[in-house]
Amino acid sequence: MDDHIPDKPECDDAVHRLYHFLDGELTGDKRQQIQQHLDACLPCLEAFDFEAELRLVIAQKCRDQVPEALRERIAQAIDHEATFGTSEGGIPTP
């Protein structure tokens, strides 16, 4: 990496497309263009690293843990519905 002075239009484009880049939503050409810019521009690379790490932290912290008892009740309700159907309103019939 060199002491590149950010080119404002390229930096604006790269930062604007970071989420698309992270989500894999860019064309191959556009992805390569953004990657080349990130390789040469430390401020944009730092912005990219921050966004990538933020997404990772959010993904790790926002996982819901379902209690095993609830998981079992849901599985039983699905089995019951598959076997006996449901009454009006979706309430399992005995």
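These legends walk through several close-up views of a predicted model.

View 1. The chain holds five helices and zero strands, where helices (H or I, at least four residues) and strands (E, at least two) are DSSP runs numbered from the N terminus. Along the sequence they follow the pattern α-α-α-α-α. Average pLDDT (the predictor's confidence in each residue, from 0 to 100) is 84 for the chain, and 83% of the residues score at least 70. Among the elements, H3 has the highest mean pLDDT (92), while helix H1 (residues 8-16) has the lowest (85).

**View 2. Here is the largest nonpolar core.** It has 10 residues, among them Cys-11, Leu-18, Phe-21, Ile-34, Leu-38 and Phe-48. A nonpolar core is a set of buried Ala, Val, Leu, Ile, Met, Phe, Trp, Tyr and Cys residues joined through side-chain atoms within 4.5 Å; buried means under 20% relative accessible area, exposed over 50% and partly exposed in between, using a 1.4 Å probe and protein chains only. Helices H1, H2, H3 and H4 each give two or more residues to this core. Of the chain's 94 residues, 14% count as buried. Leu-18 touches Leu-38, Ala-47, Phe-48 and Glu-51, leaving aside residues up to four places away in sequence; contact means heavy atoms within 4.5 Å.

**View 3. Two phenylalanines meet edge-to-face.** A search of the whole structure finds one aromatic pair. The ring centres of Phe-21 and Phe-48 are 5.5 Å apart and their planes lie at 80°, so the pair is edge-to-face. For reference, rings of Phe, Tyr and Trp (its six-membered ring) pair if their centres lie within 6.5 Å, with planes under 30 degrees apart counted as stacked, over 60 as edge-to-face and the rest as tilted. Phe-21 sits in helix H2 (residues 18-22) and Phe-48 in helix H4 (residues 42-61), 27 residues apart. Both Phe-21 and Phe-48 are buried.

View 4. The charged end of Arg-31 sits over the ring of Phe-21, 4.1 Å from its centre. That label requires NZ of Lys or CZ of Arg within 6 Å of the ring centre and within 35 degrees of the ring normal.

**View 5. Lys-30 is a buried lysine.** Lys-30 lies in helix H3 (residues 28-40) and counts as buried because its relative accessibility is 17%. Beyond residues up to four places away in sequence, Lys-30 touches Asp-13 and Arg-17.

**Notes on the views.** Residues are numbered from 1 along each chain as its sequence is written, and side-chain values use heavy atoms, leaving out hydrogens and water. Local features need pLDDT of at least 70 and side-chain atom pairs count only at pLDDT 80 or more, whereas totals for chains, interfaces and linings use all residues.
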